[in-house]
Amino acid sequence: MRQVLLNPLSGYYMHSDVFGRQGDFITSPEISQMFGELAGIWYLTEWMRLGKPNKTQIVELGPGRGTLMSDMLRAMSRFPYFYETITGVHLLEASPTLRKVQQKTLTAGDGQEALESATRPDGIKVHWHDGIEFVPQGWSFMMAHEFFDALAIHSFAKTEEGWRELLIDRDDTDETWNVSKQMAQIVQENGGTGLIIDYGQDYAQGDTLRAIRKHEIVHPMTDPGSADLSADVDFCALRRAMQESVDVYGPITQRRFLQSLGIETRLQVLLKNAKSAESRTNIAQGYQRLVDPAMMGRIYKVMAFSQKSEANKPVGYEEDTTA
């Protein structure tokens, strides 16, 4: 999976913008601005819950087009006393092409070259990193939205000789375990909080490896590098990797998470301010897609984690019994 998605010469993510209606798949931030805005508000509530630290940073793994971060920052900026604590934004992105897209989205730059850092009009610096190990130490808001579903998995088949691993080439690394442990370590050592948002279950499933091209499912071995590869996330495994270092909450459904933050109220404001019937229809359809259990409301899960604390549970997780 790593070679198909991230090979410098032929990797799926490396040379084109694959997101949105014109790409191969669409994510929640591209569906509605409400998703990123409410995530930003959740971080505000966490900042208040965990003692209002005077210096913070935002770290996003796999930031796509930068849409989620842009919407989060816009919502956060409505609270200047909070926003002024942000010392920088750190994006983990391997694709030079997507770095250019993110630069245009977040810094109003021309996106002609993949920079290592750039400054936004509001003065916040945005930095790009090749791996989580390069993120500077600091109290962190962490976000991994549809990141873990694209990490390499182990796939098995039952044969006459018993269970055998399906291999194209051997790789003994466990990316999901390693990255989640590193995220927890950053928060444990520096303080902070984070969200992991993805599709999956709170248990290990069977074979969920899939390939998507132009919004259609295709065989994973069909023209490798031309389609997105992903697999459902095992949130139980993520919790096991992180819980010794940080407090872990959930997962809860995306529907419950967004409703706990007042998505219905935000919907009404956007509908009231919409300039046309077409805009109102698009806003309502985006809302439905995010929260409808038959769409993204149930299959997408939200797991939270934070520094060990005696404070109350995070917003959305007040009734959570997994922590």
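Reader: What is the mean pLDDT of the protein, and what percentage of its residues reach 70 or more?
Author: This is a predicted model, and the confidence of the predictor therefore has to be read before any local feature, since such features need a pLDDT of at least 70. The mean pLDDT is 86, and the share of residues that reach 70 or more is 80%.

Reader: Over which residues does pLDDT stay under 50?
Author: Where pLDDT is low, the predicted coordinates should not be read in detail. In this protein that caution applies to a segment for which the model has six contacts beyond four places in sequence, and pLDDT stays under 50 there, over residues 166–172.

Reader: How many helices and strands are there in the protein, and what percentage of its residues count as buried?
Author: The protein has 11 helices and 14 strands. Its accessible surface comes to about 15600 Å², with 49% of that belonging to carbon and sulfur atoms. Among contacts with a separation of 6 or more, 75% are between residues 24 or more positions apart. Of the 323 residues, the share that count as buried is 52%.

Reader: Which residues does leucine 195 touch, not counting residues up to four places away in sequence?
Author: With residues up to four places away in sequence left out, leucine 195 touches Trp42, Tyr43, Met142, Met143, Ala144, Phe257, Val302, Met303, Ala304, Phe305 and Tyr317.

Reader: Why is helix α8 described as largely enclosed by the rest of the structure, and what do its buried residues pack against?
Author: Helix α8 covers residues 235–242, and six of its eight residues are buried, so the rest of the structure largely encloses it. The buried residues are Phe235, Ala237, Leu238, Arg239, Ala241 and Met242. What they pack against is α7 (175–190), β8 (192–201), β12 (233–234), β13 and β14 (300–306).

Reader: How are the rings of phenylalanine 82 and phenylalanine 141 arranged, stacked or edge-to-face?
Author: The structure holds 11 aromatic pairs. In this one, the ring centres are 5.7 Å apart and the angle between the planes is 80°, where planes over 60 degrees apart count as edge-to-face. The pair links distant parts of the chain, with phenylalanine 82 in helix α5 (residues 80–83) and phenylalanine 141 in strand β5 (residues 140–145), 59 residues apart. The arrangement is edge-to-face.

Reader: What is the relative accessible area of tryptophan 139?
Author: Tryptophan 139 and phenylalanine 141 have ring centres 5.1 Å apart and planes at 75°, so this pair is edge-to-face. Phenylalanine 141 is buried, at a relative accessible area of 0%. Tryptophan 139 is also buried, with a relative accessible area of 11%.

Reader: Which residues are joined by a cis peptide bond?
Author: The bond has an omega of about 20°. Its proline lies in strand β13, residues 247–253. The residues joined are glycine 250 and proline 251.

Reader: Is alanine 108, whose phi is near 60°, buried or exposed?
Author: This phi is a positive value in a residue other than glycine, and alanine 108 is found in the loop between α6 (96–107) and β3 (117–119). Because the relative accessible area of alanine 108 is 62%, and over 50% is the cut-off, alanine 108 is exposed.

Technical notes. Residues numbered from 1 in each chain as written. Predicted model: local features only at pLDDT ≥ 70, side-chain atom pairs only at ≥ 80, totals over all residues. Heavy atoms only, no water. Helix = DSSP H or I, 4+ residues; strand = E, 2+ residues; numbered from the N terminus. Buried < 20%, exposed > 50% of the residue type's maximum accessible area, 1.4 Å probe, protein only. Contact = heavy atoms within 4.5 Å. Areas by Shrake-Rupley, 256 points an atom, 1.4 Å probe, with all protein chains shown as cover. pLDDT = per-residue confidence, 0-100. Phe/Tyr/Trp six-rings, centres within 6.5 Å; stacked < 30°, edge-to-face > 60°.
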